[in-house]
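Please look over the sequence and the structure shown here before reading on, and keep both at hand.

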Amino acid sequence: MNFDLVIGAGPLGLSVVKQLQARGRAVKLATRSGTCVDPALECLRLNLLQPALTDELQGVRTLFVCSAPAYTRWPQELLPMIEGALTLAQRHAAAIVLADNLYAYGPSDTPLTETTPYRATGAKGQARRAAAERLLAAHATGTVRAAIVRASDFFGPGVERSLLGMGAFRSVLAGKPVSCLGNPQVPHTLTFIEDFARAMVNVSEALDCFGQVWHAPSAEARSLQSMVELIAQECATTPRVRPAPHWLFRVMGWFSPDMRELGEVYYQYTQPWIMDNHKYQQRFGDAPTTHAQAIRRTLDALQSQADIAAVGGA
């Protein structure tokens with residue numbers, strides 16, 4: 001039986017699984033451990049850094065690569081991970097749809113489009129660039145069919161580590177301030193995770209979309225302050241944002257490798273950071289979820305978690 005393989009059981013991977021299932025497509029999930037939280041899903045053990053050419057992958061149509069190495073390991077492992085995906089795709093004549101971010105572009109004072117030149121000078125941005133160029137080069141030579149879908153900082157159910165992660169929603173619900181990097185007053189594109197997942201599936205179903213980069217549909221860029229105010233309106237609480245001064249950010253980097261690594265892209269949080277997605281909109285006519293709708297769905301997910309926890313503790 002033919003099936004799609006989603007690699008990575010994080011919030012994006014699970015959202016892609018739901019999108020595929022909603023369209024009636026057979027789907028399996030792959031993780032390094034070979035386990036997942038949903039017992040109804042068939043879960044394979046797979047490490048793209050050491051891809052095994054197993055018969056379990058016979059019949060795979062598309063590899064949805066929704067995983068990435070540890071944040072501090074991108075320069076060492078991101079390109080080898082793509083090579084692993086290419087090995088599997090060639091072996092099984094499968095397509096690849098890669099979930100990507102905006103790091104490769106580097107600083108920009110204009111909205112980012114799919115044709116924006118790659119100007120990243122940091123190690124992680126260059127690693128993202130190398131991975132994208134390797135994948136599209138493989139497509140250009142006919143080795144595989146491959147496409148890349150990019151999103152800005154994403155948020156939504158299950159997304160913890162993000163500019164507007166679930167922790168920010170919990171803080172607003174509790175009437176506590178939301179801590180942030182940089183300037184909370186500058187506009188910043190945020191991508192709702194369900195829109196990101198839907199874009200990956202839409203691109204996978206359109207042959208003319210391969211060999212290209214696509215920016216996921218995202219609602220209008222708004223400041224973090226504005227987004228917190230929208231969440232507070234839904235929660236009937238007072239919106240409060242607490243920016244971390246740059247000196248504190250640097251001090252935190254002494255104790256947290258991830259915070260230290262974020263210094264490479266600190267510019268994304270101090271100036272307007274806007275991703276243009278007109279190319280995708282023109283191709284698919286697929287409008288992004290409004291911020292108000294996305295916030296409501298995220299709060300509903302939080303409430304469901306609270307209900308489950310309450311039942312478990314009863």
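## A pocket, a cavity and some residues

In this predicted model, the second largest pocket has a lining of 19 residues, and those that lie nearest its centre are Pro11, Leu14, Ser15, Lys18 and Pro157. The space in the second largest pocket comes to about 480 Å³. Helix H1 (11-22), helix H5 (193-204) and helix H10 (291-313) each give at least two residues to this lining, and the largest share, seven residues, is supplied by H1. Sorted by class, the lining of the second largest pocket consists of nine nonpolar, six polar and four charged residues.

Rolling a probe the size of a water molecule over the atoms shows where empty space is left. How many cavities of 30 Å³ or more does the structure hold? There is one such cavity in the structure, and the volume of the largest cavity is about 60 Å³. The residues that line the largest cavity are Leu163, Leu181, Asn183, Pro184, Val186, His188, Leu224, Gln268 and Tyr269. Six residues of that lining are nonpolar and three are polar, while no charged residues are found in the lining.

The chain as a whole has ten helices and 13 strands in its secondary structure. Its radius of gyration is 19 Å, which is close to the 20 Å that the globule rule gives for 314 residues, so the chain is as compact as a globular protein of that length. Taken along the principal axes, the box filled by the C-alpha atoms of the chain is roughly 55 × 50 × 40 Å. Of the 314 residues, 50% count as buried. When contacts between residues at least 6 apart in sequence are considered, 75% of them join residues that are at least 24 apart.

With this overall picture in place, single residues can be taken in turn. Ser218 lies in the loop that runs between strand S11 (213-215) and strand S12 (222-223). Is Ser218 buried or exposed? The relative accessible area of Ser218 is 7%, and because buried means under 20%, Ser218 counts as buried. The side chain of Ser218 makes a polar contact with the side chain of Thr191 at 2.8 Å, and the side chain of Ser218 also reaches the backbone oxygen of Ala216 at 3.2 Å. Leaving aside residues up to four places away in sequence, Ser218 touches Thr189, Leu190, Thr191, Met275, Asn277 and Pro288.

Lys28, found in strand S2 (residues 27-31), is buried as well, with a relative accessible area of 13%. Which residues does Lys28 touch, not counting those up to four places away in sequence? They are Phe3, Asp4, Leu5, Val6, Glu42, Leu44 and Glu56. The C-alpha atoms of Lys28 and Val149 are separated by 20 Å, and these two residues are 121 residues apart along the chain.

Ala130 belongs to helix H3 (residues 123-140), and its relative accessible area of 27% makes it partly exposed, since that class lies between the 20% limit for buried and the 50% limit for exposed. Between Ala130 and Pro217 there are 24 Å in space, C-alpha to C-alpha, and the two are 87 residues apart in sequence.

Most residues other than glycine have a negative phi, and most peptide bonds are trans. Phi of Ala93, however, is positive and near 55°, in a residue other than glycine, and Ala236, which is not a glycine, has a positive phi of about 55°. Ala93 lies in the loop between helix H2 (74-92) and strand S5 (95-100), whereas Ala236 lies in the loop between helix H6 (224-235) and strand S13 (241-243).

The table lists the accessibility of the residues discussed above.

| Residue | Relative accessible area | Class |
|---|---|---|
| Ser218 | 7% | buried |
| Lys28 | 13% | buried |
| Ala130 | 27% | partly exposed |
| Ala93 | 70% | exposed |
| Ala236 | 72% | exposed |

Because exposed means over 50% relative accessible area, Ala93 with 70% falls in that class, and Ala236 with 72% does too.

Conventions
Residues are numbered from 1 along each chain as its sequence is written. This is a predicted model: local features need pLDDT of at least 70, side-chain atom pairs count only at pLDDT 80 or more; totals for chains, interfaces and linings use all residues. Side-chain values use heavy atoms; hydrogens and water are left out. Helices (H or I, at least four residues) and strands (E, at least two) are DSSP runs, numbered from the N terminus. Buried means under 20% relative accessible area, exposed over 50%, partly exposed in between (1.4 Å probe, protein chains only). A polar contact is a pair of N or O atoms within 3.5 Å; within protein, one must be able to donate a hydrogen and the other to accept it, and residues adjacent in sequence count only if both atoms are side-chain atoms. Contact means heavy atoms within 4.5 Å. On a 1 Å grid over the protein atoms alone, a cavity is a set of points where a 1.4 Å probe fits but cannot get out, and a pocket is an open set with protein on both sides within 12 Å along at least five of seven lines; lining residues have an atom within 4 Å of a point. Grid points are joined across faces, edges and corners, and a volume is the space filled by probe spheres set on the points. Ala, Val, Leu, Ile, Met, Phe, Trp, Tyr, Cys and Pro count as nonpolar, Asp, Glu, Lys and Arg as charged, and the others, Gly among them, as polar. The radius of gyration is taken over C-alpha atoms; the globule rule is 2.2 Å times the number of residues to the power 0.38.
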